[in-house]
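Me: I want to learn how to read a helix and its surroundings in a model. Please take one feature at a time.

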Amino acid sequence: MEIVAYYLVSFLLFAITLVIYAWRLLDWAWFRPRKLDKCLRQQGLKGNSYKLIFGDLKELSKSTEDAKSRPMNVSDDDLTPRILPYFIETIKKYGKKCYIWVGPKPLVFVGDPEVIRDVFNKHSLYQKPKATPLTKLLAQGIVSYEEDKWAKHRKILNPAFHMEKIKDMLPAVHLRCTEMVSQWEEAVSMKESSCELNIWPSLQRLTSDVISRTTFGSNYEEGRKIFELQKEQAEHVIEVSRTLYIPGWSACSDKLTHIDRVKALYAL
């Protein structure tokens, strides 16, 4: 009789635990997003209807891939349709007061300067999302800090961005730009006629070199390995963020590969 009672209690505990986790999953995947959708629409915002678990992630990924597959118009300085195509499409479709679904969470677009100021100033009302394990691997700092910790780090950083300090950086920036242009001129002079130059790697090195010279008194070549690892790590994090990871689902094997690579690079 005692054995039967033991198994009965164990079964009831298991059933209760299963129900609790099932309810939490259902609330996360369906009920809470539906409530948020209703709340946002009541406030005058527009967006696509919520799709179970994935939201707009599939459309977002497809839009990004399509934009990258099309050649760029070199005379067009507006890069946002290529970098953030789905965001631009959504704003054109629904106006400035709109949102998209990143999985079961809404991402609201804020375009009104007054609202933007409120978001930055009212820290207790507009709190930053908690950093995920992946974003912690990529970077941590003032962008993710809140309240007192944010104020402390902001105070520490302010002197580095004083106008006089920035003016002192100009010679280093000018020197690196001059070197880069000289390298382009040398490459062109080696050709008998006009030629095409892929300037993107040069611009990447320019940014890294300027940061190295102005911040660490070094240069890009001395820290090349670090910059290359950071770039690869960022690419994997971006790739992971475009899809939804569900533990145990084999379709996410590519995503798991990216996660493992991010962790491996972080360990280096």
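Reply: Begin at a helix end: just after α4, Gly95 takes a positive phi of about 90°. Helices (H or I, at least four residues) and strands (E, at least two) are DSSP runs, numbered from the N terminus. This is a predicted model, where local features need pLDDT of at least 70 and side-chain atom pairs count only at pLDDT 80 or more, while totals for chains, interfaces and linings use all residues. Residues are numbered from 1 along each chain as its sequence is written, and side-chain values use heavy atoms, leaving out hydrogens and water.

Me: Which residues of α4 are buried?

Reply: An α-helix has 3.6 residues a turn, so residues three or four places apart point the same way. In α4, Pro85, Tyr86 and Thr90 are buried (under 20% relative accessible area, 1.4 Å probe, protein chains only). These buried residues line one face of α4, because they fall within an arc of 130° down its axis, taken from the directions from the helix axis to the C-beta atoms.

Me: What covers them?

Reply: The cover includes α2 (57–69), α3 (80–83) and β2, with contact meaning heavy atoms within 4.5 Å.

Me: How do α2 and α4 pack?

Reply: Their axes are 8 Å apart, at an angle of about 110°; axes are lines fitted to C-alpha atoms over the stretch in contact, and angles run from 0 to 180 degrees between N-to-C directions. The two helices are therefore roughly perpendicular (65 to 115 degrees). Glu59, Leu60, Ser63, Thr64 and Ala67 of α2 meet Pro85, Tyr86, Phe87 and Glu89 of α4.

Key: Buried means under 20% relative accessible area, exposed over 50%, partly exposed in between (1.4 Å probe, protein chains only). Angles under 35 degrees count as roughly parallel, over 145 as roughly antiparallel, 65 to 115 as roughly perpendicular and the rest as oblique.
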